[in-house]
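Biologist: Could you take me through a close look at the aromatic rings in this chain? I am new to this, so please start with the surface and then move to the rings.

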Amino acid sequence: MWIAVLALIAALVSASAEAQPRPSTVAMTCAQAAHLVAARGAIVLGTGGFTFDRFVTDRRFCTINQTTEPAWVPTSDRPQCFVGYRCKEPTSEHEGDRN
């Protein structure tokens, strides 16, 4: 009986660990992609092929030390569509001066 219970648990864990398909911006219109980011606040979207990124509506969805930068992605109706922002680490103004 314990073997059956363990087998059932293992099957459930492996089924839930399978990769979830992510929405792809290239299969949406610009308005649909922008609306999805706005509705979720933060979401990982595919951007063509095997590329993906996390998009946010504003800095609230970033870590405390991150800033935002505008995010433009390809969609079915536009080669460059503004969907929201990406979180990014702040850059030092003296970054090029490191030795």
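Modeller: The accessible surface of the chain is about 7,300 Å², and carbon and sulfur atoms hold 60% of that; such areas come from the Shrake-Rupley method with a 1.4 Å probe, and for residues only the protein chains shown count as cover. This is a predicted model, where local features need pLDDT of at least 70, side-chain atom pairs count only at pLDDT 80 or more, and totals for chains, interfaces and linings use all residues. Residues are numbered from 1 along each chain as its sequence is written, and side-chain values use heavy atoms, with hydrogens and water left out.

Now to the rings. Searching the whole structure gives two aromatic pairs. In one, Phe82 and Tyr85 have ring centres 5.4 Å apart and planes at 80 degrees, so this pair is edge-to-face. For the terms, rings of Phe, Tyr and Trp (its six-membered ring) pair if their centres lie within 6.5 Å, with planes under 30 degrees apart called stacked, over 60 edge-to-face and the rest tilted. Trp72 joins Phe82 and Tyr85 in a cluster linked by ring pairs.

How covered are they? Phe82 is partly exposed, because its relative accessibility is 32%, and Tyr85, at 28%, is also partly exposed. Here buried means under 20% relative accessible area, exposed over 50%, and partly exposed in between (1.4 Å probe, protein chains only). Across the chain's 99 residues, 23% count as buried.
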